[in-house]
Amino acid sequence: MFITFEGIDGSGKTTQIVKLSERLIAQNYDVLSLREPGGNAISEKIRETLLDAGNDIAPRAELLLFVAARAQLVEKVIRPALLAGKLVICDRFIDSSVAYQGFGRGIPMNEVQECNKIATGNLVPDITFFLDLPPSVAAGRAAGRSDEKTDRMESSGESFFERARHGYLKIADNEPKRFIRLEARENPEIIHEKIWTYVSDLIKKRN
């Protein structure tokens, strides 16, 4: 099974991925947690380039770098893990490109979708959790992490993240069975229980 998490930075994805992974492992599931871009040596190097605030990267170059990292991750890590029967959880996947490079950067959607298809060989998550948080609230959370440097993507500006959030909401409207919107301002334990209900139900159906 392939599970992904989406949302703008500060929405609490990492917290929920940890909670879900630990609960699944406690029930003896073989779980692999990954992040995008990243998850393998080459994709991590691409991540460094993408997030370096000193790099001036054109929108289409940004998209191609993200999908290059994704292609490597799918080919070398995700597909082999799924074929081995592992439960794969990934922090970001194809929907991030739609939201960030499509809606955020303004790249035509047909180009984004075609790049995603090439990168993944049409691999689509079984279920995706979108932790929805207004960019103004996310910015407040980021300000509380003053010890962390702001990366290139985080420096894109509030209007960019408003467009990205709108993109996520459009995906939620278009794919309600796969793409689950959750209110990120709720208590983390409440969010986790909602996620667990969806995941455990899906596991039961698969079994």
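Which elements do the buried residues of H4 pack against? Before selecting anything, note that this is a predicted model, in which local features need pLDDT of at least 70, side-chain atom pairs count only at pLDDT 80 or more, and totals for chains, interfaces and linings use all residues. Residues are numbered from 1 along each chain as its sequence is written, and side-chain values use heavy atoms, with hydrogens and water left out.

**Stop 1: helix H4**

Select residues 94-104, which form helix H4; helices (H or I, at least four residues) and strands (E, at least two) are DSSP runs, numbered from the N terminus. Ten of the eleven residues of H4 are buried, where buried means under 20% relative accessible area, exposed means over 50%, and partly exposed lies in between, with a 1.4 Å probe and protein chains only. Among the buried residues are Ile94, Asp95, Tyr100 and Gln101. To answer the opening question, display strand E1 (2-6), H3, helix H5 (109-120), strand E4 (127-132), helix H7 (158-174) and strand E5 (179-183), for these are what the buried residues of H4 pack against. After H4 comes Gly106, whose phi is positive, near 85 degrees.

**Stop 2: strand E3**

Next select residues 87-91, strand E3, where five of the five residues are buried. In a regular strand the side chains alternate between the two faces of the sheet. Here both faces are covered, with Leu87, Ile89 and Asp91 on one side, Val88 and Cys90 on the other, and all of them buried.

**Stop 3: the nonpolar cores**

A nonpolar core is a set of buried Ala, Val, Leu, Ile, Met, Phe, Trp, Tyr and Cys residues joined through side-chain atoms within 4.5 Å. The largest one has 47 residues, of which Ile3, Phe5, Leu20, Leu24, Ile89, Tyr100 and Phe129 touch the most other members. Apart from this core lies another, of twelve residues, among them Leu34, Ile78, Ala81 and Leu123.

**Stop 4: helix H2**

Which residues of H2 are buried? Select residues 41-51, helix H2, and colour Ser43, Ile46, Arg47 and Leu50, which are buried. Because these residues cover an arc of only 110 degrees around the axis, they lie on the same side of H2; the arc is that of the directions from the helix axis to the C-beta atoms. On the other side, Ala41, Lys45 and Glu48 are exposed, whereas the buried residues pack against strand E2 (31-35) and H3. At the N-terminal end, Asn40 caps H2, with a side-chain oxygen 3.3 Å from the backbone nitrogen of Ile42. Leu51, also in H2, touches Asp151, Arg152 and Met153, not counting residues up to four places away in sequence, where contact means heavy atoms within 4.5 Å.

**Stop 5: Glu62**

Finally, select Glu62 in helix H3 (residues 59-83). Is Glu62 buried or exposed? Glu62 is buried, with a relative accessible area of 0%. A polar contact of 3.0 Å joins its side chain to that of Arg105; such a contact is a pair of N or O atoms within 3.5 Å, and within protein one must be able to donate a hydrogen and the other to accept it, while residues adjacent in sequence count only if both atoms are side-chain atoms. Glu62 also touches residues including Leu50, Gln101 and Met153, not counting residues up to four places away in sequence.
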